[in-house]
Amino acid sequence: MGTLRNLGMSLFQCLLLGATTAALAQGRCNEDDANSPAAQKAASQLVISDADPRAQIQVLVDRALARSQSVGMVKLLAQAARDDWEEVSQANKPRASLDLQGNQMGSSTDGASNGSGAQGRVAFNLSATLFDFGRNRQLAGWRSQLAEAARQGYFSAEQQLALQTVSLALDRGRYLLQAQVYSQYVRRMACLVDSLEAIVKADKGRASELVQAQKNLLQADLAVESTMSALRQTETRLKRFVGDDLPPSASFSNLLTRVPELDDMQRDALSAPEVIQLEAQARAQGSYVESVRANAKPQVNAIVGTSASAGVTRSRDWAVGFSVNVPLMTPGQDASVNAASKRAEAARLQREDALEARRYRLIDMHESATSAFDRARRITEILRNSSQLRTATLQQWQQLGRRSLFDVMGSESDYYSLRIAHVNALFDGQQAVAMLWSLGRGVMAPLR
């Protein structure tokens, strides 16, 4: 009887194994089959166009620059600063004025009227600064450097907006790839669930495995939905810059994958708009110091004037000469010069501090980019082994019964987690490279 019982159990196990194999063969566990509603919904939204990624990035940045009100504001301020410079630069040129007067006049002596009537007067004056110890020239230099600082501020605003646009476009590509990977994971889990449902009909004792697979499927569905939510949020932020007409994302996985040399980027940092802006501000403060010093020195002006009166009385006079203004006592002059000098030194230190911070930031970003791409390369190597492991584990489970369902799901989870890690490492490296370029000539330099 015992022998017959064992033989019966062995026969039942063989039939169960055959049913398992048939169920899995029917499901085929194909990652391209959208069995889950969440996966089907995600698949309809995960559209990656075959557009040129560089061209699309340039179009997005151009649209962002054209739409940006903040960049337009900075541009107007730069133009206003140049107008201020043009005004001051004309200070040494001759200045002319015309004075017109019309009066009703009258006079009397001891109560007796001497006459009354209309009286008109015309006066013309022409003056020009001949020598002021460079005061106006230094003021013009001050305004000129402020205008240059404003112009570099405009370039800096453009570069910052370009960096934000590129960063959001890369994040959009990141979440699209993540959603694709999670959708494949969902389809894989859905296939296992379908297969286990067929198995449980034959063997009720495997119901716990079905529950475990269903739990993993729900978790994968949640990962898809969370990623889609992050994708929608990223697209909303991107639309804020480029407009609602957002084209389907191109594949950005091959952009900004080369880490530039650190020494080259350190040299490029000197030409960054923010650094040039601070240099211009420091030079502007130096020119202002000299103009304040010149306030305490004599000023020589040439004067030409003529006037004529008609009406009750007639007269005409003219004058040609020079005027010399010599400041004798100017209380607070030394304090004013000291204050201007300290502001100039503070501007110089600000520039040095910003440049030093930028250099260390470059080192940090260079290490981040190098590490991220190295991590992506290593994960690629691990992925090969993980793919072989999950294939072997599934075969051993469905054909030989040597592995449990938990081994199968563990290998699947490990494989897809590695794929997500690979996507994150790749895009982390791209974001770091974008930041590297933004600290120098700008992120659009390698894209154009």
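Student: Where do I start with confidence, and what is the mean pLDDT of the protein chain?

Tutor: Start with the whole chain, then go element by element. This model is predicted. The mean pLDDT is 85, and 88% of the residues reach 70 or more.

Student: In which helix is confidence lowest, and in which is it highest?

Tutor: Helix H1, residues 2–27, has the lowest confidence, with a mean of 38. Helix H3, residues 53–67, has the highest, at 94. Look also at the start of the chain. Over residues 1–28 the pLDDT stays under 50. For that stretch the model has 21 contacts beyond four places in sequence.

Student: How many helices and strands are there in the chain?

Tutor: The secondary structure comes to 11 helices and four strands. Of the 448 residues, 39% count as buried. Next, check how far along the sequence contacts reach. Take contacts between residues at least 6 apart: 85% of them join residues at least 24 apart.

Student: How do I check the length of a helix, and what should H3 span?

Tutor: Compare the expected span with the distance between the ends. H3 has 15 residues and should span 21 Å at 1.5 Å a residue. Its end C-alpha atoms are 21 Å apart, so the two values agree.

Student: Which residues of H3 are buried?

Tutor: Pro53, Gln56, Ile57, Leu60, Val61 and Ala64 are buried in H3. They cover an arc of only 130° around the axis, so they sit on the same side of H3. Then ask what covers them. The cover includes helix H5 (135–202), helix H6 (207–242) and helix H11 (444–447).

Student: Let me stay with H5. Is glycine 153 buried or exposed?

Tutor: Glycine 153 lies in helix H5. This glycine counts as buried because its relative accessibility is 13%. Beyond four places in sequence, glycine 153 touches Val74 and Gln277.

Student: Now the strands. How many bridges join S3 to S4, and do the strands run parallel or antiparallel?

Tutor: Count the bridges, then note the direction. Strand S3 (residues 299–311) and strand S4 (residues 315–325) are joined by 11 bridges and run antiparallel. A hairpin of three residues links S3 to S4. Follow the partners across the pair. Glutamine 299 faces asparagine 325 in S4. Glycine 305 stands opposite alanine 319 in S4.

Student: What about side chains along a strand?

Tutor: In a regular strand, side chains alternate between the two faces of the sheet. Now take one residue. Serine 307 is in strand S3. Serine 307 is buried because its relative accessible area is 7%.

Student: With which side chain does the side chain of serine 307 make a polar contact?

Tutor: The partner is the side chain of aspartate 317, at 2.5 Å. Outside four places in sequence, serine 307 touches Arg121, Val122, Ala123, Ser315, Arg316 and Asp317.

Student: Where is glutamine 333 placed, and which backbone oxygen lies 2.7 Å from a polar atom of its side chain?

Tutor: Glutamine 333 is in helix H9, residues 333–400. The backbone oxygen is that of valine 292. Glutamine 333 counts as buried because its relative accessibility is 12%. Leaving aside neighbours within four places, its contacts are Val292, Arg293, Asn295 and Ala296.

Student: One more feature. Which phi value does phenylalanine 133 have?

Tutor: Phenylalanine 133 has a phi near 60°, a positive value in a residue other than glycine. Phenylalanine 133 lies in the loop between strand S2 (112–131) and H5. With a relative accessible area of 40%, phenylalanine 133 is partly exposed.

Student: And leucine 256: where is it found, and is it buried or exposed?

Tutor: Leucine 256 is in the loop between H6 and helix H7 (262–268). Its phi is also positive, about 50°, although leucine 256 is not a glycine. Leucine 256 counts as buried because its relative accessibility is 8%.

Key
Residues are numbered from 1 along each chain as its sequence is written. This is a predicted model: local features need pLDDT of at least 70, side-chain atom pairs count only at pLDDT 80 or more; totals for chains, interfaces and linings use all residues. Side-chain values use heavy atoms; hydrogens and water are left out. pLDDT is the predictor's confidence in each residue, from 0 to 100. Helices (H or I, at least four residues) and strands (E, at least two) are DSSP runs, numbered from the N terminus. Contact means heavy atoms within 4.5 Å. Buried means under 20% relative accessible area, exposed over 50%, partly exposed in between (1.4 Å probe, protein chains only). A polar contact is a pair of N or O atoms within 3.5 Å; within protein, one must be able to donate a hydrogen and the other to accept it, and residues adjacent in sequence count only if both atoms are side-chain atoms. Two strands pair if DSSP finds at least two bridges between them. The expected span of a helix is 1.5 Å times one less than its number of residues. The arc is that of the directions from the helix axis to the C-beta atoms.
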